[in-house]
Amino acid sequence: MNYRDFLQKLIYQVINPVVKLMIKAGITPNIITFVGLLGNIAAAALLVYAGMNHSKDLTYMGWAGAIILFAGLFDMMDGRVARLGNMSSTFGALFDSVLDRYSELITLFGIFFWLILSGYMWGALITFTALIGSIMVSYVRARAEGLGLDCKVGLMQRPERVVVTAVAAILSGTLDGNGFDSTLILIYAMGLIAILANLTAFWRIAHCYKQLQGK
């Protein structure tokens, strides 16, 4: 069992009671997916507000990170509700994938916007590179699976990107004012995503190439 499977199993044990309550309440996976999107929109709106008001108060960043992490739980719960509640559907899988992309892009846009207006141009460029990598990781997998290829390899898939972004934002907000610029925590996290996400995209391309050569 790899680390992702272990963590997923651990998280499922925590959220299963909530998932069962949702199923009893008649809450569908698509509703949960949409609520997760709203959470990410709220986080981005918080950052846009802080940026437009030229606020250097990183408390906004900390709250945004907490919201992103909370919204990430909904991303896990929708699939769990679908499976345990026998509500899986082809449209649900499509709806989930599309809204996941929107959620991530909206979140990274919020960070990008805040960094630009706060004077961190190089940090904003790094975040934009992370955004490109995030798109391409998902796109390569979707394109590969459309061709009948297995393409789940990589170091920085969506769960990892969500956790790194959320934790970095929370730390930036909570460690502000301790004698150093805690915004750098977030920028370094964006750099990590930018490198590993784009590396993962090319890793997946190479993985698909080997599969096609084998055929």
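**Helix packing and nonpolar cores in a predicted model**

User: Which residues touch the most other members of the largest nonpolar core?

Analyst: This is a predicted model, in which local features need pLDDT of at least 70, side-chain atom pairs count only at pLDDT 80 or more, and totals for chains, interfaces and linings use all residues. Residues are numbered from 1 along each chain as its sequence is written, and side-chain values use heavy atoms, with hydrogens and water left out. A nonpolar core is a set of buried (under 20% relative accessible area, 1.4 Å probe, protein chains only) Ala, Val, Leu, Ile, Met, Phe, Trp, Tyr and Cys residues joined through side-chain atoms within 4.5 Å. Within the largest core, of 35 residues, those touching the most other members are M61, I111, W114, L115 and L186.

User: Which helix gives the most to this core?

Analyst: Helices here are DSSP runs (H or I, at least four residues), numbered from the N terminus. At least two core residues come from each of α2, α3, α4 (90–117), α5 (121–146), α6 and α7 (183–214). With ten residues, the helix that gives the most is α7.

User: Are α2 and α3 roughly parallel or roughly antiparallel?

Analyst: Axes are lines fitted to C-alpha atoms, for helices over the stretch in contact, and angles run from 0 to 180 degrees between N-to-C directions. The axes of α2 (residues 29–52) and α3 come within 8 Å and cross at roughly 170°. Angles over 145 degrees count as roughly antiparallel and those under 35 as roughly parallel. The crossing therefore makes α2, relative to α3, roughly antiparallel.

User: How are α2 and α4 oriented to each other?

Analyst: The axes of α2 and α4 lie 8 Å apart, and the two helices pack at an angle of about 10°. The orientation is therefore roughly parallel.

User: What span does helix α3 reach from its first C-alpha to its last?

Analyst: Helix α3 (residues 59–84) has 26 residues. The expected span is 1.5 Å times one less than the number of residues, and for α3 the expected value is 38 Å. The span reached is close to that expectation, at 38 Å.

User: Is T165 buried or exposed, and which residues does T165 touch?

Analyst: T165 lies in helix α6 (residues 158–174). Because its relative accessibility is 5%, T165 counts as buried. Not counting residues up to four places away in sequence, its contacts (heavy atoms within 4.5 Å) are I68, T107, I111, L186, M190 and I193.

Note on methods: Buried < 20%, exposed > 50% of the residue type's maximum accessible area, 1.4 Å probe, protein only. Parallel < 35°, antiparallel > 145°, perpendicular 65-115°, else oblique.
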